[in-house]
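User: I would like to go through the terms used for this model and see what each one rests on. Please set the values against the definitions.

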Amino acid sequence: MPNTVVRVAEVVEEAPGIRALRLVRADGLPFDPHPAGTHVDVIGPTGILRQYSLCGRPDDTSSLLIAVKREPDSRGGSEALHTVAENDKLEIGEFRNLLSLAPDADRHVLIAGGIGITPLLSLAYQLHADGAEFELHYFARSRESAAFVSLLEERAEFRDRVLLYFGVPRGEQPAVLAEVAAGLSSAAHVYTCGPEGFMEQVTGVFAPMVGETRVHVEHFTAAEIDPSGDRPFTVELDTGEVFEIPADRSILSVLTDNGIEVFKSCEEGICGSCVSGVLEGTPEHRDQCLSASDKASGDQMALCVSRARSEKLVIELY
Ligand code: FES
């Protein structure tokens, strides 16, 4: 599907190094409906593509809100979006969603670290609209460095549901999280987004209480992978075509070099674009996009980073 041209309708400096961009379609049409937790590829003025969570109200199709944290060590995509001004044009890709609200939860617990507040904001809007039981815990270095604090404190949807934690050292966070976890039933679902170490702590505290499959994690960054033990394996498509995957190549790169069309975006195991079905064989999951239960079932894999435990995989492209 072609990208959509959007216009920057509003720029708000949310916190030092974090700006919120409100985007509208350049053709004046509404956006497609999108569920809470959706993210989208944004192609900035330098052509670099990055994914951003939509953090506005999910039922608002007139505009999209993203928050961009300047990451000086990244490929430059966030830096470029810190230079755009109102009325500049950008492009966005398709909506994607890897963070869905669980319909069977008796309570939803949202736990954000820093800029990880963005996908959880849209979940909170939806939970409020649904009349669901939820609470939002937001950890940040300081009030000044935290985005959307005024909105969280002032909006009726949030102000009685939000607990803010400023300056809690990483080593002391598990004790704070354990207090939150203590009052939960095993029917609660937990959603977290933030730095990797933060999310590991959240998972470590909540998974024993509610079960690993009830802790939903949204990743921003790719996992570090040690390729030294990688070995070749064979991939057969459900069409019967067979490809040898060398130790130093991904399934995605071999398929695309052979003219096979595969959906892709981040190529880092984050966005979920390249996830395909596994009909035979055992994948070795290295992505950050599939849930723990998806990985355990072994019937899907991300072709850009994951490999094989078996000699051969039979794959169905989505
Ligand atoms: S291309 Fe993004 S997960 Fe594979």
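Analyst: Ask away.

User: Why is S63 called buried?

Analyst: S63 has a relative accessible area of 8%. Buried means under 20%, exposed over 50% and partly exposed in between, with a 1.4 Å probe and protein chains only. At 8%, S63 therefore counts as buried. This is a predicted model, in which local features need pLDDT of at least 70 and side-chain atom pairs count only at pLDDT 80 or more, while totals for chains, interfaces and linings use all residues. Residues are numbered from 1 along each chain as its sequence is written, and side-chain values use heavy atoms, leaving out hydrogens and water.

User: Where is S63, and what does it touch?

Analyst: S63 sits in the loop between β4 and β5. Helices (H or I, at least four residues) and strands (E, at least two) are DSSP runs, numbered from the N terminus. Neighbours within four places in sequence aside, S63 is in contact (heavy atoms within 4.5 Å) with R22, L23, V24 and F31.

User: How do you know whether F148 is buried or exposed?

Analyst: The relative accessibility of F148 is 4%, so F148 is buried. F148 lies in the loop between β8 and α3, with a positive phi of about 65° although it is not a glycine. Another non-glycine residue with a positive phi is N87, near 80°, in the loop between α1 (77–81) and β6 (89–97).

User: What makes a group of residues a nonpolar core?

Analyst: The members are buried Ala, Val, Leu, Ile, Met, Phe, Trp, Tyr and Cys residues joined through side-chain atoms within 4.5 Å. The largest such core has 33 residues, of which L110, I117, L120, Y138, F148 and L152 touch the most other members. Elements supplying at least two residues each include β7 (107–113), α2 (117–130) and β8 (134–140). The largest share, seven residues, comes from α2. A second, separate core of 24 residues includes L252, V254, C289 and A308. In soluble globular proteins, nonpolar side chains tend to be buried together.

User: Which domains is the chain divided into?

Analyst: An automatic or database domain assignment sets the bounds: domain 1 (4–97), domain 2 (107–218) and domain 3 (227–316).

User: How much area do domain 1 and domain 3 bury between them?

Analyst: About 380 Å², with 39% of it on carbon and sulfur atoms. Buried area is the accessible area (1.4 Å probe) that two parts lose on being put together, summed over both. H39, Q51 and R96 supply 71% of what domain 1 buries against domain 3. On that side of domain 1, β3 (38–43) and β4 (49–53) give two or more residues. Five residues of domain 1 are in contact with four of domain 3, and the domain centres, taken over C-alpha atoms, are 29 Å apart.
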